[in-house]
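I opened my notebook to look at one model and its two ligands.

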Amino acid sequence: NKKPKIVILGAGYGGMIVASRLQKSTVVKDAEVTLVNKHDYHYQTTWLHEPAAGTMHPDKTRMKIDSVIDTQKINFVKDTVVEIKREEKKVVLSNLELDYDYLVLGLGSVPETFGIPGVKEHAFSIRSVNSVRLIKDHMEYQFASYNKQDEKFEETLTFVVAGAGFTGIEFVGELTERIPELCEMYDIPREKVRLVSVEAAPTALPGFDEELVEYAMNVLESRGVEFMINTPIKEVREDGVLLNDDSFIKSSTVVWTTGVRGNPVVEKSGFDAMRGRIKVTDDLRSPEDENIFVIGDCSLIINEEINRPYPPTAQIAIQQAYTCANNLKALVEGKKELETFKPDIKGTVASLGGKEAIGIVGSRKVYGNSASVVKKMIDNRYLLMLGGMPLVIKKGKWKMF
Ligand code: FAD
Ligand code: NAD
């Protein structure tokens, strides 16, 4: 009697919580569990705007996978997933192939470019530890270059953030903290630096509470952010961005935060998908594949109340991971009844840099320092779920007030 093989793809929020749930259950005795990830570390995507701006060391967002996952119980393979061969129940990695009986697809998302020319070539993105280290170093290089220029180029110190969704706003917030430090470090007056947030929709944070959006914009404007609202970007060039009305902002630093789409492995593997996301069944499986679970940003679930997809969030990825782990256990035990997934949205809190944040918790609006404390508690809560108090002490956010 051979043990079934469970393969988890991606060690993000979804994959890590599935693995940590399984290692605490009987599944690791009854099945062979393997976790595959590109890197030997897990990073917190939701913190990446901080190391991108340079307000946090990138190592604080990441941890070695074997420091939280017991590799005696779960095999860990450091490799890149290329494709899933669903007919053959195989996963093709860059260096080897793995067979599976049950698969968990949790490869997260990639930036959505909407096919806009020049984005891939000339814009930065907030996606991984590697991509954010590049933004931080590039920005510092701009500051260092400016003083060496005989003729001063305005693009050197013009920073454009494309998209004022939550990622764009959180990143701009961090930059308002970081830019004054860089100005001081490189002897540059603050007024030489432009920080521009460009948003296509008629408002920043479209769809979010209007009063909180106004609060956020006021805070950021008072720290020197220029908002260009109702202004779609139609092209990114080496020396700046072209706007819908054909005006041009000269900039050597464009950071692209206009939303995400599911990991390209989804489309490459022939799944039926919308913007790279698979609309999953109630128990989180791909409708065409009863042995494949899809969680996190690769999955799509509809909010029946408004008949629109839930935005892809860590909050949902983590909740899905609990249901997915329970359902894997049921299947390994030969049960047919699986748990139905129901998101339990606790709220949304976004930081504005420093001790400022905005959010909705339950049905309450929060802003200012109290919102910022809530945000840090949410961040610490995830660490608690993943690795208990020792991980919170090691990696948690403690500077609250
Ligand atoms: P991820 O956590 O992104 O993990 C995917 C994993 O797969 C990574 O470890 C990656 O290395 C690995 N991987 C990718 N491709 C491959 C491959 N081909 N082979 C092998 N491994 C691969 N959501 C919230 O709920 N609250 C927030 O406050 C919040 N803040 C955010 C702030 C920022 C700056 C950003 C960018 C996003 C934020 N989000 C937030 C959204 C949230 O980060 C995502 O929804 C969440 O990370 C999705 O989790 P996941 O498990 O699907 O993927
Ligand atoms: P998003 O879809 O929330 O926002 C993208 C923004 O870019 C939108 O406002 C859109 O109108 C704008 N845009 C699109 N095309 C444009 C163009 N050509 N020119 C200018 N603007 C353009 O995406 P995101 O901010 O990348 O966030 C991704 C996901 O992560 C979302 O689900 C979000 O809710 C989640 N997230 C949550 C938090 C939090 O809860 N604190 C923080 C960050 C991200």
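I needed a definition before starting. A crossing of two helices is right-handed if the near helix is turned clockwise from the far one by less than a right angle, and left-handed if anticlockwise. I also noted that this is a predicted model.

**Entry 1: two helices**

I looked up α1 and α9. α1 passes α9 in a right-handed crossing. Their axes cross at roughly 35° and come within 8 Å. Next I listed the residues that touch. α1 brings Y13, G14, I17, V18, R21 and L22 to the contact. From α9 I found a list that includes A314, A317, I318, Y322 and L328. Then I sorted the contact by class: twelve residues are nonpolar, two are polar and one is charged.

**Entry 2: the domains**

How is the protein divided? I found domain 1 (5–111 + 260–345) and domain 2 (119–256). Their centres, taken over C-alpha atoms, are 32 Å apart. I then checked where they meet. Domain 1 puts 14 residues in contact with 18 residues of domain 2. On the domain 1 side, α3 (49–53) and β10 (109–111) each supply at least two residues. α3 gives the most, with five. That side of domain 1 has eight nonpolar, four polar and two charged residues.

I also read the UniProt record. This unreviewed entry annotates residues 5–321 as "domain: FAD/NAD(P)-binding". In the model, the span 5–321 is 28% helix and 29% strand. The C-alpha atoms at its ends lie 18 Å apart.

**Entry 3: ligand 1**

How many residues surround ligand 1? I got 31, and the closest are G10, G12, G108, G296 and T313. α1 (13–23), β2 (32–37), α6 (166–185) and α9 (314–332) each give at least two residues to this shell. By class, the shell has eleven nonpolar, 17 polar and three charged residues. Why does ligand 1 lie between the domains? Domain 1 and domain 2 both give residues to its shell, so ligand 1 lies between them.

**Entry 4: ligand 2**

I repeated the search for ligand 2. Its shell holds 26 residues, with G163, G165, F166, G259 and P311 the closest. α6 and β26 (347–351) each supply at least two residues. The largest share, four residues, comes from α6. I counted 15 nonpolar, nine polar and two charged residues in this shell. Ligand 2 also lies between domain 1 and domain 2, because both give residues to its shell.

Note on methods
Residues are numbered from 1 along each chain as its sequence is written. Chains are lettered from A and ligands numbered from 1 in the order in which they are written. This is a predicted model: local features need pLDDT of at least 70, side-chain atom pairs count only at pLDDT 80 or more; totals for chains, interfaces and linings use all residues. UniProt positions are given in the numbering used here, feature names are shortened, and annotations may be inferred rather than shown by experiment. A residue is near a molecule or strand if its C-beta atom, placed from the backbone, lies within 6 Å of it. Ala, Val, Leu, Ile, Met, Phe, Trp, Tyr, Cys and Pro count as nonpolar, Asp, Glu, Lys and Arg as charged, and the others, Gly among them, as polar. Domain bounds come from an automatic or database domain assignment. Axes are lines fitted to C-alpha atoms, for helices over the stretch in contact, and angles run from 0 to 180 degrees between N-to-C directions. Two residues are in contact if their C-beta atoms, placed from the backbone, lie within 7 Å.
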